[in-house]
Amino acid sequence: MMDVVIVDGKARGIVTRNLITGAIESHSAHAVLLCTGGYGNVFYLSTNAMGSNVTAAWRAHKKGAYFSNPCYTQIHPTCIPVSGDHQSKLTLMSESLRNDGRVWVPMTIEMAEKLRKKQIKPQDIKDEDRDYYLETKYPSFGNLVPRDVASRNAKHVCDEGRGVNETGEAVYLDFRDAIDREGEDLVRSKYGNLFDMYLQITGENPYQTPMMIYPAVHYTMGGLWVDYNLMTNIPGLYALGEANFSDHGANRLGASALMQGLADGYFVVPYTVGDYLANLANEKVPVDHPEFKKSEDQVKERIQKLLSINGTKTIDYYHKKLGKIVWNYCGMARTADGLLKAKAMIKELKAEFWSNVRVLGTGEELNHSLEKAHRVADFIELGELMMDDALDRNESCGGHFREEYQTPEGEALRDDENYAYVAAWEYMGEGLEEVLHKEELVYENVKLTQRSYK
Amino acid sequence: MNLTLKIWRQKNHSDKGGFKAYNVTGISVDMSFLEMLDILNEELIEKGEDPVHFDHDCREGICGSCSLFINGRPHGPQQTTTCQLHMRSFKDGDTITIEPWRAKSFPVVKDLVVDRGAFDRIIQSGGFVSVNTGGVPDANEIPIPKIVADEAFDAATCIGCGACVAACKNASAMLFVSAKISQLALLPQGQVERRDRAEKMIAQMDLEGFGACSNTGACSAECPKEIKQSNIARMNREYYAASVVTENV
């Protein structure tokens, strides 16, 4: 999808590009449902499939659909660590492993350095020299603390210098005790396929040596704003699943993305879209309506522009640069200074992209570079909005951790009096600041409290 | 390590195409095969040359997109998907030949990308259960022996990559079609339309121009999901049964 088409204030279709012939086509409809996934790949490295992108949601946003809470991004604690600059994506190790694995790093930096240089093996480190930090810090939840808590703690111990791989960005997830307790066969029946995958990717055997894991971008709670019928603020335009912002607040729990996809698509929208259609006069909008033509022209113009820049840097170059900025300044821990700095860096990156990107080939053939260029251009703009959103929210909440707002124990400190709202951003035009609309969150039956996993 | 890559380049479907040799240097053993191709492509783009097009998406072995025929084997020397092949399977100085899936029913689109729409059309012809389910019943209300559920699950793990077709000397799609038919034929919910499903999907498979099965077994030997040949035997039984018992009134 290259664009959403709005006719008389209602979403009445989309414009697409045929990936093989390059043909730009209009498709009219009575309603448009975007089930187009999340924007985790704004970080370049994530657990998402490499094709996942924000384009459909972003084009809808530029046509007037509010984008909510973009800074609420989830970092999953158990992913295979980065093995080098060539890394193209991060592989998720299922959260179910945390049922039986024990997370630890060595107690001392010296021991971590020895591990990194491969002077000692993890199996040789005695229990009293191991820091099972989640079990110590959170006695009642232990290794099962929510994802944002587990991820931030992993980052902390690695920032202290106790990371266990060459890059210093890895902690152990150890199955030694589970194997001792239940036997290798039972562990294999539970996690066999995951252990095989780990062995395939890293060359190491988790039955014999602890797994190495590190947090990685996995899911985005933010997305297009929708009401309880899953309709955006544009009549007839719906957003379902990870593409919307609705179900998970600032921190999604495990397995619930799948739940949301099923709930949205199976239980909610079949009824709500029916209600919308029932109230819509059954007139068809022809695809040669001027609004479709206008969208088609804009799409063609954008394609031509990207193909004609013929600069010196590849699309991946810009994508990786963007990813590093967003990860470093809007990742697990954020500061006002960092976010302002990052916003300026992204503005600069955007200007550079549009004047120096190299997209080879033509528009009338299969052209992966052209497809990627569109996605990266949209990611760059989303990156700017993420910084604005994170800057506006002067509190820590779920996946959004502002270092200036934390409890003495280093946990997220919310400001419910001032920030109990959904941030819904409205696009105002090229180069203009977006406008914030607040959807106040009013709790009638639930009392807001501080999360504690002790 | 440094490697020589002989890669099939083809501008589009009507172009004759041919092999082109490239050198890549400084490849780490921890890199995946596709990450190695990414590096080649960055170099090509910097030189102003069209990058090598290949399908990929999840890079985790679950989506079925990646489809490279490496040194004469679909997905290369390991029994995994292309994206899960890592460079530690190769040695410094190796020459690696990379081609698209070769099958009449999978026309080449560009370079290493083939059109696997045939698989989609086979699924569209009957690979589903078309009942209105209304509210969701408790799954445990429908009893099923675990051994049958496990067999259905194993068949369902087919990711539709097409390696079976590429491996087969007849370019037969029987392993894929039989996995999809089995997955539903084994389950209580799949009893509805069971005969019709087999007939329609097999008819579409033949229409697409896939070859016949001559029991070579290369398909399941190469299948990254280890789909068993016994699914083909089951499909043959479904096909025979459909010829004597019909759902048509």
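This is a predicted model: local features need pLDDT of at least 70, side-chain atom pairs count only at pLDDT 80 or more; totals for chains, interfaces and linings use all residues.
Residues are numbered from 1 along each chain as its sequence is written, and chains are lettered from A and ligands numbered from 1 in the order in which they are written.

**View 1. An open sheet of 3 strands in chain A, with helix 8 packed on it.**
The strands of this sheet follow the order 1-2-3 with antiparallel pairing; strands (E, at least two residues) and helices (H or I, at least four) are DSSP runs, numbered from the N terminus, and two strands pair if DSSP finds at least two bridges between them. Strand 1 (3-7) and strand 3 (24-28) are the edge strands, each pairing on one side only. On average, neighbouring strands are turned by 30° against each other, direction ignored. Strand 1 is joined to strand 2 (residues 10-17) by 5 bridges, and Val4(A) stands opposite Ile14(A) in strand 2. Helix 8 (residues 290-309) touches strand 1, strand 2 and strand 3, and its direction makes about 155° with that of strand 1. Such angles run from 0 to 180 degrees between N-to-C directions, with axes fitted to C-alpha atoms and, for helices, over the stretch in contact; two residues are in contact if their C-beta atoms, placed from the backbone, lie within 7 Å.

**View 2. The two domains of chain A.**
Domain 1 of chain A covers 3-72 + 221-440 and domain 2 covers 76-218, with bounds that come from an automatic or database domain assignment. Their centres, taken over C-alpha atoms, are separated by 33 Å. Where they meet, 13 residues of domain 1 are in contact with 19 residues of domain 2, and the domain 1 side has 6 nonpolar, 7 polar and no charged residues. Here Ala, Val, Leu, Ile, Met, Phe, Trp, Tyr, Cys and Pro count as nonpolar, Asp, Glu, Lys and Arg as charged, and the others, Gly among them, as polar.

**View 3. The two domains of chain B.**
In chain B, domain 1 (3-110) and domain 2 (117-244) have C-alpha centres 29 Å apart. Their contact takes 18 residues from domain 1 and 15 residues from domain 2.

**View 4. The contact between chain A and chain B.**
Chain A gives 22 residues to this contact and chain B gives 27 residues. On the side of chain A, helix 6 (184-202) and helix 11 (368-392) are the elements that give two or more residues.
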